[in-house]
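Please open the model in a viewer and keep the selection tool at hand. The stops below go from annotated segments to packing and then to backbone details.

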Amino acid sequence: MELKREYVNGMNEQGDFDPSSPPPFRIADIRAAIPKQCWIKNPWRSMSYVFRDVSVVFALAAAAVYCNSWLFWPIYWFAQGTMFWAVFVLGHDCGHGSFSDNAILNSVVGHILHSSILVPYHGWRISHRTHHQNHGNVEKDESWVPMPENIYKKLDTSTRLLRFTVPFPLFAFPVYLWHRSPGKEGSHFNPYSNLFSPQERKLVMISTACWSTMAIILAYVSFTVGPSHMFKLYGIPYLIFVIWLDLVTYLHHHGHEQKLPWYRGKEWSYLRGGLTTVDRDYGLFNNIHHDIGTHVIHHLFPQIPHYHLVEATKAAKPVIGKFYREPKKSGAVPFHLIKNLITSLAQDHYVSNSGDIVFYQTDLNLFQLLSLAKYE
Ligand SMILES: [Zn+2]
Ligand SMILES: [Zn+2]
């Protein structure tokens, strides 16, 4: 009996590449292609990035206080917000255990870094682990999960507009930490939230306590230096950090020129889900934010430290072939990504309620409301 082979190396019978086809390689093949040194975590090297970023944060703050000039404040806000984001990425390494092999060091450094930018370390770490373990799964993924049509249709027009009009989605992160995404319940601060298992409650409690301590410190400093000064020193950089986080994490999983597949049931696998992530070139920011744009290999192997991701990606690309989406080369500033973001928000609204391989669909009414036909 002749076996029907629908796909060869991801190509269908017409010779077109289908990104939702089962890949012709295993995750072990990718792992084998990545050089041995890429798996080595060097705590000294990891700590050197912490010292680098923390020094820049304090130097910028000192310069802002010293100058206290409206000419310098906007530069400070952007630079400091970008540094908060870089600090977040180092805490992300701690959360994955790619910072070092020492669990205590990872937890201590992770708590200090994340609490300083008002992120509850364990709460976010655990839900981020859920994201990695279920990425691309419509039902189980965390953060920026596509809404099934029935949930989308229940949203009122103003909520839809808020969710899909720039800049509002770029401020989603604090809302997500407190309330999760539409259709899901739970807070990253509540140990009894259904984001966590009973064994994780203590850890979540510790992180919420650290977060609260930071909030108290900020309130105290605010009283001392005045709330408007504090808003300029910390508040606006925090908002810029939130924009960075939402922009980068959204673009990891959306806004590619070709539609990305999402899976349910038997069609989903760790490998197929991970392969739907997208690498991005952020120009001069690649180094500043610790190569967070190399997301495919990070998704599949989160134990690789950030400083080996570029090398690991290069080695893995020949195995992944067409399933790797080569990022568009950026200039010094990645302006091209703004178009990806706006177009995707205007078009990628919901997925079908059924089907094991689904793609984003567009709510034409909303699309017209947003008057973004010119981006088509
Ligand atoms: Zn991701
Ligand atoms: Zn991660």
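UniProt positions are given here in the numbering of this model, feature names are shortened, and annotations may be inferred rather than shown by experiment. This is a predicted model, in which local features need pLDDT of at least 70 and side-chain atom pairs count only at pLDDT 80 or more, while totals for chains, interfaces and linings use all residues. Residues are numbered from 1 along each chain as its sequence is written, and chains are lettered from A and ligands numbered from 1 in the order in which they are written.

**Annotated segments**

Begin by selecting residues 49-66, 103-124, 161-178, 203-223 and 235-252, to which an unreviewed UniProt entry assigns the feature "transmembrane region". Helices (H or I, at least four residues) and strands (E, at least two) are DSSP runs, numbered from the N terminus. Residues 49-66 are 100% helix and 0% strand, with 26 Å between the end C-alpha atoms.

Next, select residues 69-324, listed by UniProt (unreviewed entry) as "domain: Fatty acid desaturase".

**Helix α9**

Move to α9 (201-225). The expected span of a helix is 1.5 Å times one less than its number of residues; for the 25 residues of α9 this gives 36 Å, and the end C-alpha atoms are 36 Å apart, which agrees. A residue is buried if 20 or more other C-beta atoms lie within 10 Å of its own, exposed if 12 or fewer, and partly exposed in between, with C-beta atoms placed from the backbone. Which residues of α9 are buried? They are V204, S207, C210 and W211, and they pack against α4 (103-116) and α5. Contact here requires C-beta atoms, placed from the backbone, within 7 Å. After α9 comes G226, with a positive phi near 100°.

**Nonpolar cores**

A nonpolar core is a set of buried Ala, Val, Leu, Ile, Met, Phe, Trp, Tyr and Cys residues joined through C-beta atoms within 7 Å. In the largest one, of 38 residues, select F84, W85, V87, F88, F241, W244 and L245, which touch the most other members. Two or more residues of this core come from each of α2 (43-67), α3 (73-96), α4, α5, α8, α9 and α10 (227-253). Centre on V87: leaving aside residues up to four places away in sequence, V87 touches D53, V57, L113, S116 and I117. A second, separate core has 13 residues, among them C38, I297, I304 and F323.

**Backbone details in the loops**

Most residues other than glycine have a negative phi, and most peptide bonds are trans. Select W144, in the loop between α5 (121-133) and β1 (147-148); its phi is positive, near 55°. W144 counts as partly exposed because it has 17 C-beta neighbours inside 10 Å. R180, in the loop between α8 and α9, also has a positive phi, near 60°. With 20 other C-beta atoms within 10 Å, R180 is buried.

Then go to P167, in the loop between α7 (157-164) and α8 (172-179). The peptide bond from V166 to P167 is cis, with omega near 10°.

Finish at E326, in the loop between α14 (309-320) and α15 (336-347). Is E326 buried or exposed? It counts as exposed, having 9 C-beta neighbours inside 10 Å. Its C-alpha atom is separated by 8.2 Å from that of R280, 46 residues apart along the chain.

Technical notes
Contact = placed C-beta atoms within 7 Å.
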